[in-house]
Each structure stands twice: as structure tokens, then as C-alpha cells.
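Reader: Hi, I've got a structure open and would like to talk it through. Can you take my questions as they come?

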Amino acid sequence: MYYSSGNYEAFARPRVPEGADRKHVWFVGTGLASLSSAVFMIRDGGVPAANITFLEKLTLPGGALDGIKEPERGFVIRGGREMEDHFECLWDCFRSIPSLEIEGASVLDEFYWLNKDDPNYSLQRVTEKQGQPGPNAGLFTLNKKAQKDLTKLFFATREEMEGKRINEVLGKDFLESNFWLYWRTMFAFEEWHSALEMKLYLHRFIHHIGGLPDFSALKFTKYNQYESLVLPMTRWLLDQGVTMQFETEVTDVDFAFAGERKQATAIHYTHRGEPGTIELGRDDLVLMTIGSLVDNSDNGDHHTPAKLDRGPASAWDLWRKVARKDPSFGRPEVFCGNIDESKWESATVTTLDARIPAYIEKIAKRDPFSGRVVTGGIVTARDSAWLLSWTVNRQPHFKAQKPDEIVVWVYGLFVDRPGDYVKKTLAECTGEEITQEWLYHLGVPVEEIPELAATGAKCVPVMMPYVTSFFLPRHAGDRPDVVPAGAVNFAFIGQFAETSRDCIFTTEYSVRTGMEAAYQLLGIERGVPEVFNSTYDVRSLLAASARLRDGAPLDVPGPDAMRRRLVGKLDQSEVGPLLRAAGLI
Ligand SMILES: Cc1cc2nc3c(=O)[nH]c(=O)nc-3n(C[C@H](O)[C@H](O)[C@H](O)COP(=O)(O)OP(=O)(O)OC[C@H]3O[C@@H](n4cnc5c(N)ncnc54)[C@H](O)[C@@H]3O)c2cc1C
């Protein structure tokens with residue numbers, strides 16, 4: 001496998017690799033990593049779909065990519081996916097999946113047209129003091145010291161940042177800036193998370209720095225991601241002839257080791273409680289999603305808090321068992337061993353009549369019932385004890401929604417601090433109490449809050465013990481390579497498998513690992529698209545530098561005449577126009 005960029009490889013169609021028709025493929029899980037990998041195996045690898053089986057412990061596909069209507073509780077989205085145009089592997093996959101919305105279009109076409117017609121941007125990113133506009137809107141407010149810290153992180157080696165926390169490398173000035181407020185709430189970083197991951201994010205999204213404050217960098221699907229991404233993909237895969245076996249928990253995988261050679265030899269599972277084993281030969285491939293950010297997530301309801309489940313977690317337990325068999329299979333404990341630092345809680349509020357949407361409109365400055373972009377990404381109540389953020393996507397967010405309902409996603413980064421209105425921690429709150437706290441920060445008059453929360457909405461809280469487990473400080477080798485050295489018939493996929501340069505907590509990362517696994521195990525001749533290379537593009541770097549300075553030009557030292565001469569000299573080369581285009585001189 002190799003990485004490529006540009007149109008030549010993007011449009012090339014690989015030939016079917018030798019022996020592809022003899023392969024039988026087993027996927028552990030039906031998350032995005034598995035589903036996309038199967039698409040690549042069928043489309044680019046020529047594996048007969050009938051030879052592909054998914055083993056999934058739940059009763060439906062999609063993993064973290066949810067969007068569920070529970071009859072009693074209401075609608076549930078554990079998260080909403082901020083997406084961008086440079087999800088190279090993901091769009092390579094979805095260009096081949098037919099849309100369920102538009103006849104003759106692909107999912108990519110549907111997404112592309114929607115975001116052309118209705119581009120995303122926010123009209124109010126931050127509030128304070130119960131729904132008032134936040135200060136310094138659109139500015140990063142990074143002083144010299146904060147800019148220096150950030151630049152140092154950017155240029156540090158990966159090795160230097162291994163095992164370090166963000167608050168060990170970025171000082172108080174940085175942590176008090178608007179940049180950090182925007183960044184941490186948008187990507188769910190906490191101060192105690194990995195400095196290495198923060199660095200990788202900076203490189204990965206450097207072309208989006210200018211689009212961070214108003215989210216013009218982001219794009220969204222039409223509905224929740226279960227309906228917009230998982231359903232069309234699953235439909236396509238089933239139409240091709242794959243098998244999806246639900247209620248099947250993989251409990252262990254056996255391997256044979258001979259010198260450097262590593263071969264998976266059996267899969268052990270339980271199906272509705274009945275144990276079973278699948279023997280694996282050289283032509284049987286097994287792709288395991290190891291770990292899961294949504295394992296053991298628990299839904300409360302309007303009158304019940306969500307529970308924090310610290311018990312056995314099958315995605316992690318499988319990885320733990322497998323990891324014991326070879327040092328190159330990673331160290332799961334680094335990620336799943338500190339729930340207090342990886343958990344947070346989100347909640348889905350469904351408003352039931354026009355009363356709450358009127359307050360939403362005041363903040364969003366858009367009509368929530370228009371069918372178009374509403375908040376354009378999250379709104380953060382910066383003075384909220386929970387550091388509460390909320391968003392209203394294009395409505396309806398679920399096809400089954402009634403016309404007068406609005407689905408709102410709410411989350412807090414600090415789940416163990418008492419709220420400002422309810423005086424309970426987020427983790428202790430029922431859906432109704434979370435709605436009260438949200439209404440308080442929305443600017444609803446205090447005397448109206450209890451009645452509105454009780455009768456104007458239904459809310460489902462969801463506690464996710466491992467949701468940011470991949471952000472915990474790590475070292476090289478903690479995540480296994482997608483295809484470990486010597487592996488002949490197996491791969492690790494998903495958020496905890498190692499692939500160079502890309503960053504986790506993205507749909508793209510899961511698809512990338514799925515694509516790399518398929519291309520390596522089958523020997524597909526086409527290149528895998530490299531991670532978008534903006535971090536090596538001097539224009540992106542200069543534009544980002546200018547934005548990080550809130551548009552202030554470079555301080556060229558010396559008296560005026562000397563400065564003019566220097567700038568004149570720069571203008572006689574390629575450097576001057578580049579600096580000018582970025583607004584730096
Ligand atoms: C709250 C939230 C917000 C997010 N925001 C964004 C965003 O803004 N942008 C973005 O791009 N991405 C975002 N993501 C991330 C993205 O949704 C995930 O990274 C991606 O969907 C993970 O897919 P996966 O296949 O790697 O793993 P998962 O979705 O975790 O799938 C794993 C699957 O395997 C099954 N499984 C696990 N172990 C076993 C076993 N032993 N036996 C059988 N089955 C098993 C699980 O049940 C599950 O179905 C967000 C995710 C969440 C939860």
C-alpha cells in the first residue's frame with residue numbers, strides 16, 4: 001500500500017488482485033470502519049460480497065453513527081458529525097454509494113449539492129450571561145506568549161509530545177484565549193488530554209483555522225448520520241449480497257505465530273448467548289474494530305439520569321485479550337483505563353411546540369423551522385459551569401420528526417461540576433434538569449424555566465464513558481498498526497489503530513483505517529489518498545499565521561524607511577506576494 005494525491009490516482013480503477021475471489025472476510029463490528037472497508041473490498045478489491053460477513057453485538061449497524069427514535073424516550077443522537085471537504089477516504093467511499101434521497105445521485109453528490117445550496121456558518125458562536133453575545137466574537141485573542149506556545153507545539157517533534165498533556169505545553173495565556181474556547185468545545189478537548197493529539201489536529205486542520213470562529217469550515221449531512229450515511233451504505237452492501245449477523249459478540253481471536261509471520265486462526269463468538277467458533281485459513285481475513293468510543297454508553301430519559309457504566313465493555317475486553325498475545329497489538333489500558341478523564345455526556349432535546357424554538361431563533365438569528373442551516377454548528381455558553389454547548393442542525397434532523405418539533409443536541413465538557421441553574425452535576429441530571437440548565441443559558445426568563453422544561457420538551461441524556469478515550473496521552477506503540485508487521489490475514493481498524501498523520505475522533509479516520517486495511521490485505525494496486533497536505537502548503541501556513549494574530553500584520557523591526565526597503569525587497573521575489581495575500585504585510 002502507498003499514499004497518493006491528485007487526480008491521476010483518484011480516477012484510476014484498480015484491476016482485481018489475484019485470488020480476490022477466494023477470500024472470505026469477517027468483520028468484527030458494523031461501525032463505519034467495517035462498513036467502508038467492505039465497500040472498498042467489493043469495489044476496488046473484487047471480493048465477492050457473498051464472501052463478506054459482519055459480526056455485530058448490537059441489533060443494528062452503524063456503531064457510533066447513530067440517530068435513533070426510541071418510542072418512549074424520544075429522539076437520540078449521541079453526537080453530530082462536523083465534516084469537511086478533505087475527508088479524502090470517506091468521500092472516495094461515498095462517491096460510490098447511491099443516495100436514498102435523490103435518484104441517480106451518490107451520497108457524495110447529495111452532500112455536495114446540499115452544502116453548495118445551503119453553506120454552513122454560524123451567526124453566534126458564543127454566549128454569556130444567559131443568552132447575551134460573548135465578547136470578542138470572531139477573534140482568537142492569542143497574545144504573544146500564547147502564539148509562541150502554539151507555534152512551539154506545531155513545530156515540536158511527535159516524540160517530544162508523546163505522553164504529555166495539553167496543559168503541560170500550553171500555558172495560562174493560551175488556555176484563557178478565545179482560540180482555546182473555540183477549539184476545545186468544537187473538538188471536545190480537555191486540558192488534561194494529549195498534547196500530541198492537539199498537535200496532530202493543528203496540522204490536520206491548518207487550512208481551516210480561518211473558518212473556526214464561524215464554522216464556515218464545516219459541512220453537515222441532511223439528516224442525522226444514521227439516516228444520511230449508515231442507511232445508504234448498509235442498503236448498498238446488503239444489495240451486493242453481504243451478510244450481517246447481529247447479536248453476535250466476538251469474545252476472542254486466536255493467532256498462530258511462526259517467526260515474523262502472524263496469522264489469525266479462529267474467531268470465538270457468542271450469538272444470543274450461544275458460543276461458536278469460526279476456523280480461519282490463509283484466505284480468510286478478519287478485520288477487528290478494537291475499542292469503541294461509544295462502548296457501554298447509557299441512555300437516561302426525561303425523568304432518569306444516564307448511568308456511568310464502569311463494568312465489562314466488550315469492544316475493550318476483546319482488544320485486551322488480543323493485545324496480550326503479541327506486543328505489536330497495542331496497549332488498550334492506556335485508552336480505556338481512565339474513565340474519569342475520557343467520559344462526557346450529551347443529551348438530545350426534542351422541543352414539542354413553538355415556545356422554546358422562539359428562544360433558539362434569538363440566538364441562532366435564523367428560523368429553526370426553515371429547513372436550512374440554523375445555528376451553523378455549536379453555540380457555547382462560555383460562562384456555564386458545565387461548559388455547555390448546543391446545536392440545532394437543519395430540521396427535520398430525523399425523517400420521523402413532526403413538523404413542529406426541533407431536535408437539539410446539547411453537551412457539556414465538565415460533567416462533574418454543579419450547574420448554574422440546577423446546582424447538580426451534569427452526570428446527576430435527568431433529561432428535564434438538563435433542559436432546565438440549557439434553557440437558563442439560552443436566556444429563558446428564570447420563572448418560565450420549570451414549566452417550559454416540563455411541558456415544552458423531551459430530553460434523553462447519554463453518558464459515554466469512553467467518548468474521548470483516544471485523547472488520553474499516549475506513546476508510540478500504544479495503538480497497533482492497521483496491519484501489524486508480519487500479519488498475513490488480519491487487520492485492526494477504527495479509532496485505535498495507527499495510521500500516519502490523520503487525527504482521531506473523525507469519521508474520516510475510521511474510513512481511512514478501513515481503506516488501508518482492505519488495500520494492504522488484498523494488495524490493491526491503487527494508492528490510498530494521503531491525508532490532505534495543507535500542513536506542507538506555505539499558503540495555508542501563512543494564512544493560518546495571519547488568523548492566529550487576529551489579522552495583525554508582521555512586526556517588521558526598524559525605522560519606517562528601512563521597513564519600506566525590506567518590504568520592497570520581499571516584493572521583488574515570490575515571498576512578498578505570498579505574505580501580502582495572507583495579510584501579513
Ligand atoms: C458524540 C460524538 C461526536 C462525534 N463527532 C464527530 C464529528 O464531529 N466529526 C466526525 O467526523 N466524527 C465524529 N465522531 C466520530 C465518529 O462518529 C466515529 O469516530 C466513528 O463513527 C467510529 O466508527 P468505528 O467504526 O471506528 O467505531 P464504532 O462506531 O465504535 O463501531 C464499532 C462497532 O463494533 C461493534 N463491536 C465492538 N466490539 C465488538 C465485539 N467484540 N463483537 C461484536 N461487535 C463489536 C460495536 O457495537 C460497534 O457497532 C463523533 C462521535 C461521537 C460519539
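Author: Here is a short chat about this model, starting with how to read it.

Author: This is a predicted model, where local features need pLDDT of at least 70, side-chain atom pairs count only at pLDDT 80 or more, and totals for chains, interfaces and linings use all residues. Residues are numbered from 1 along each chain as its sequence is written.

Reader: Okay, ligand first. How many residues surround the ligand, and which are the closest?

Author: The ligand has 36 residues around it, and the closest are G29, G31, G63, G79 and G494. A residue is near a molecule if its C-beta atom, placed from the backbone, lies within 6 Å of it.

Reader: What classes are in that shell?

Author: The shell around the ligand has 15 nonpolar, 15 polar and 6 charged residues. Here Ala, Val, Leu, Ile, Met, Phe, Trp, Tyr, Cys and Pro count as nonpolar, Asp, Glu, Lys and Arg as charged, and the others, Gly among them, as polar.

Reader: And which helices and strands each supply at least two residues of it?

Author: α2 (32–43), β9 (248–258), α12 (314–323) and α18 (507–522) each do that. Helices (H or I, at least four residues) and strands (E, at least two) are DSSP runs, numbered from the N terminus.

Reader: Let's stay with α2. At what angle does α2 cross α18?

Author: Their axes cross at roughly 40° and come within 8 Å. Axes are lines fitted to C-alpha atoms, for helices over the stretch in contact, and angles run from 0 to 180 degrees between N-to-C directions. α2 and α18 are therefore oblique to each other; under 35 degrees counts as roughly parallel, over 145 as roughly antiparallel, 65 to 115 as roughly perpendicular and the rest as oblique.

Reader: Is the crossing of α2 and α18 left-handed or right-handed?

Author: That crossing is right-handed. The term means that the near helix is turned clockwise from the far one by less than a right angle, and left-handed means anticlockwise. On the α2 side the contact includes L32, F40 and M41, and on the α18 side it includes V511, M515 and L522. Two residues are in contact if their C-beta atoms, placed from the backbone, lie within 7 Å. By class, this contact has 9 nonpolar, 7 polar and no charged residues.

Reader: What about α2 and α11, how do they pack?

Author: α2 packs with helix α11 (residues 225–240) at an angle of about 45°, and the axes are 10 Å apart. That angle makes α2 oblique to α11. The crossing of α2 and α11 is left-handed. L35, A38, V39 and I42 of α2 meet M233, T234, L237 and Q240 of α11. The residues of this contact divide into 6 nonpolar, 2 polar and no charged.

Reader: Switching to sheets. You mentioned β9, so which strands are in its sheet?

Author: It's an open sheet of 3 strands in the order β9-β10-β11, with antiparallel pairing. Strands pair if DSSP finds at least two bridges between them. β9 and β11 (274–279) stand at the edges with a single partner strand each, so one side of each is left without a neighbour in the sheet. On average, neighbouring strands here are turned by 25° against each other, direction ignored.

Reader: How many bridges link β10 and β11?

Author: Strand β10 (residues 261–271) pairs with β11 over 6 bridges.

Reader: Last one: which residues does the cis peptide bond join?

Author: Q395 and P396, with omega about -5°. P396 sits in the loop between β16 and β17.
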